[in-house]
Every structure is written in structure tokens, then in C-alpha cells.
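User: Hi! Could you walk me through a few helices and strands here?

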Amino acid sequence: MSNLAQRSISLLFAGSIAVLLLASKSSITTMRLSPLDPSSYSNAHELIIRHVDLDWTVNFDKSTISGTATLHFKLLKSDLQEIFLDVSDITISSIAVKTSAGEAPLDWDVGGTVDNIGTKLTIYLPTKTSGELTLVIAYETSPKASALQWLTPEQTFGKKHPYLFSQCQAIHARSILPCQDTPAVKFTYNATLHHPTEVTGLMSAIKVDSEPGISKFQQKTPIPSYLLAIVVGALVSKPIGPISSVWAEQEQIEESAEEFSQTAEFLAKAEEICGPYVWERYDLLVMPPSFPFGGMENPCLTFVTPTLLAGDKSLATVVAHEIAHSWTGNLVTNKNFEHFWLNEGFTVFVEGKIVGRLAGNASRDFHALHGLSELSDCIKTQLADTPELTKLVVDLSECGPDDAFSTVPYIKGSTFLRYLEDLLGGPEKFEPFFRAYLNRFKYQSVLTNDFKQMLYDWFREDPKNEVLLERINWDTWLFGEGMPPVIPNYDRSMLEACLAHAALWAENDLETIKASPLLKQSLVSVQMIEFLAQLLEKKTIVDLSAEKIALLADTYGLSSTKNAELRFRLVRLYIRARLMDKMDEILAFLNSNFRMKFVRPIYKELAGWPTAKPIAVDNYNRVKDQMMTVCAYTVAKDLGLSNGADTE
């Protein structure tokens, strides 16, 4: 251990082993941790990681990953004396710099922990350094690492082997390796993964070699830290396209391959819109139910929630979304998470275009209108007490990216892009610009002003666009609260049927509903989801009772559906009607998956039902250890429990 570390850390071990402790804790209060990124301590304006070599051992017995991370830096500043990295709950054994004579140990210390953000690791260079340098850090993760979920065999479908998966977005990579945990920095990586012989290891990279218990990977395209991903479990695969396979546990592989059989079509349409696909492979991994998101665009290996397995491919457009991220987010990346809309708004925009090319413009527009319904619901429920987080560009000086996460950057962002496309001449004018933008900034990280400047430079080449460009109210779009200031003139033909059904059920009694000819008009799955969303939006629903909801469920086949989006909305109607006798069904859905899109609104609405809140809190405390950290933390806040800390 370094002398500096000895002075700053009170707990010492014999020999050269040091435990990285959480030093002086504080909350985020009007602070920006570094010039480039409010949520990262790293001095990425002075040096950047260009490549990482990982040698990891997965320890299921201890729920840890141990090994080394070799970080290859390019220095942007001459005579550098200190390196600042992000860490969280990591035990560091040693840090050394590689020299021509071998490895030389370095002094280091830790401090400046911020709750739900992490800790600052300071590494002291022995001499003022310029050019390039390589550090070797030996360490072990904590069993509570926020990026990792450890499942017992009983929590898997097969029930025989344990399972590990990661979720590093937004700022959780720092819990699995010391790094510059900011999307402003991109690096390539190689990894050697040691794991039990009876399970399979995968990463967000191309597998280049394997033998029992050892898997080797290479990611040749630079990625930000949040796209580092690992999974180890009893997994099998099945091809679903020329460069794609789906991975899952054996019990789900056939169902998964059928559900995601459109993957190759989605990829082909995405290339038409965005340009060549650069990542070599596009595989899918169907996750355990505790995965907190719909999908995660890890390069070469997209993670998707099992709640997409609806049996009719009606929810498979989430895969189109994750494919679009191969360009918007992975190739061109937001420089920090205040500009998250540059990832997600752009991706929803491309996702809609993929849908339009495959199913027609009416479907594309319906997709967008459904997104606006979800945005409205989010603003009224999840963000009701934090209107500042309904801005397209948020200020993360006083909160972390997890606290700010919502549908706003997705839907408000994509609506802005559609507004710009319509204003500036439609797809035939906007798509060439869009491809040029992706090509210009590929492999880079950008801010909103980079996009804005290129938009003006591109469209000002035609003087007739000058008046149109002047009409764009950037301040209102980027920094205004609430719903988008302009709603594009979408084709509403598919929506009108949803609105009619919602009005029927909201405004009439049972006898009137039963006699309505509208019930003979069938709705496809996506329309039923929107119909229920519109019904939940109604301020009043006439005679909302168990009998009415039972009729609705029977009429539309909701009681037996596998579609999680439909079940989610049915459960919320139970809560709206205060049907205490449906509490078992509500909790069964809550505990069947821990996808934040579903569990957060339900827990928040249960928290607003005085009789049900204690039941919800008790249920949360029983199952929270099955949730990923980001889910447990945000749900605790939704329930009003001490900021997700001590919930007992």
C-alpha cells in the first residue's frame, strides 16, 4: 500500500493488500465532478483510455469478479502528475505502471464518495508524464457491485446452474473496474474470462477463442464504459439471421428464436437508414426476469427482457430499437448523460423509420402517437414531483443519471427530430443529412450543440431553408418542461379506433357497453395497448368496478394474454378501481419481472393507495434482493423510502 493511501485510509491489512473504503460520503448538491461530465471524477480532459485488457475470474462462491484491468492511456496534457478514475465498492490490491524495465508500483488513494455516484481513485505518477502510459490494476469487485446481478440456480429457468449478468448503463461500470466512467471516453478491449466449465461466458464483444472454463473476447470498435457487458450462465444459441443468433436458457430458446425471427429484416432496414453496420455480429440474449430494462444495446450482444416474449411478435420492435442503437448511441454517443436524448431520442426516431419501412407510414405514426401516450403518463406519474426532469437536456449537477432516467429523452427527443424532419422537407431531405451526421461523428462522443451546428451547416447550403431554420425554438424544445411544444401532424387512422374504444369504456355503463357495435371492431395487439393507455389517461371512468373490469378483460382476452404490456395496464386498472381482492394478481405481476417500466408505475400508484401501501412496501422488502441495484433504488424512492437506502 502506498504511504499516501496509509494516511488516508484507516483500515489496513498486513502486507501489500489494501481495501478500497468508501470515504467521506456526501449527496450530490450543486456539484459537477469533472469538466466533461458531472457524474464522473475522471480527468478525461487531460488523458483518455484508448484500450483495456481484462483478465477476469468469475467467483460464484463469493459473488465477485477478481483479476486485473490493464488500462492503456493517451495523454492529452504534458507533464501529468495525477490520474483520476471512477470506482465504486472495489477492493484494490495493487496499481503499477508498465515501463521498459517492467512494472513499477504506484501510490494511490481514495476519497470523495458521493451516494449513488461512486468514489474518486487518485493515482500518483512518480514523474511528470507525457505521451502514453499503461497501468495494471489488480482488484476484486464487491458482492454488492451495482452493475452485477448474481442469481442462484433456483432463480433461473433450468434450476441447475448459477447465473451472472451485468448492466453498466448509466454509471455502473465503475463497480466492475476502475475506469473513466463517462461516455466522453471510448476504448477498445480484449478480455480473458475464467468461469465454471459447465456454463457459458459471453461479453459485448466477439468471442475469439474458448475452451472449457476459459473464454476470450475482442472488441475492435471503441465503446464507452457503459457498453461493457458480461453474462455467465447455462446458455444455448440458435441462428436467426446471417450475422445473428439468439441466446437463452434451453427452456426458452425455441420460443425466443420464433419471437425474434424478424431480426435480420430490422438490421437490413436500419442499414438503409443509417449506413453500414460496423460491429460484425448482432446477437440477442434473452435475460432473466430481474433484468431492469426492455433491452440494452450492448455491442454484438443485445440484452432483452423476457417480457417481450408475447407469442405473436407484437413487442419485437424493442429489437428494432436496440438495433438502431448500433449507430445512435454506440457509434455516435452522448458525451454525458445530460444529453441522453442524443442516444435515445435518435434511436426511437430510427426505430420508427424501421417500423415504417416494414409496416407502412400509418404504423410508424401510430408508434409515435403511442410513445406520446407513454410520455404523458410518465410526466403525470413518475415525474410529477420533478418537472425539471421533463426537460430534453437536463442538469445533472444535483442528481445522478439513474434519478433522471425516464421516457422523456426517448419520446420528447424523437418528437423533436420528427418535427425537424417535417419542417426541413421530409425524409427525402432529412435522411441524407441524418446519415451524414452519423458518418461525421462515428466513433465520437457529442453534445447537442454538435448536432445543432451540423444541422445548420447542412441545411443552410440551400438559402430557402434560412426562414425555416429561424422557426426552430431550440430553447423551448431543449429546456422547456412538460410535453413537446409541437406535436407533428401524425397519421391518426390507427389511433382513432383506440380512442373510440377508450371513450366507450370510460363514459358508459355496462349495459351501454355490451350493446355497442364497436365491440365487434377488432384491434391488433399494439392498438389494444394504446386503447388501455388512453383509458388510464381518462380523469374519470364511469362505474369503474370489478364487474366492469372483468367484462373488459373477457372482451379483449386480457386474462389469458402473455403480452406483458397488456397485463401491466390491466393491473393498473385494478389499482385505479381499488380492487383489494386483486392484490395477489397485482403482486404476482410485480414479482414476475423487475423491468422498471412496469414495476415503477405500479409501486408508485400503490404508494398512493393508503390501504395498499403497507402491502407494497412489505412485498418490496421481500423481493428487493432479486432486483438489480438501479431498480431497487428507484422503486424505493417511488415508495417514499429513505432514498433507496435502508428500507427495513
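Analyst: Happy to. Two strands pair if DSSP finds at least two bridges between them; strands (E, at least two residues) and helices (H or I, at least four) are DSSP runs, numbered from the N terminus. This is a predicted model, where local features need pLDDT of at least 70, side-chain atom pairs count only at pLDDT 80 or more, and totals for chains, interfaces and linings use all residues. Residues are numbered from 1 along each chain as its sequence is written, and side-chain values use heavy atoms, leaving out hydrogens and water.

User: How many bridges join β9 to β10?

Analyst: Strand β10 covers residues 163-166 and runs antiparallel to β9. The number of bridges joining β9 to β10 is four.

User: Which strands stand at the edges of the open sheet of four strands?

Analyst: The order in this sheet is β9-β10-β15-β12, with antiparallel pairing. Each edge strand has a single partner strand, so one side of each is left without a neighbour in the sheet. The edge strands are β9 (148-151) and β12 (200-203).

User: In β7, what is the bridge partner of I83?

Analyst: Strand β3 (residues 80-87) has six of its eight residues buried, meaning under 20% relative accessible area (1.4 Å probe, protein chains only). Seven bridges join β3 to the antiparallel β7 (residues 118-129). The partner of I83 in β7 is I123.

User: How far does α9 reach from its first C-alpha to its last?

Analyst: Helix α9 (residues 427-440) has 14 residues.

Key. Expected span 1.5 Å × (residues − 1). Buried < 20%, exposed > 50% of the residue type's maximum accessible area, 1.4 Å probe, protein only.
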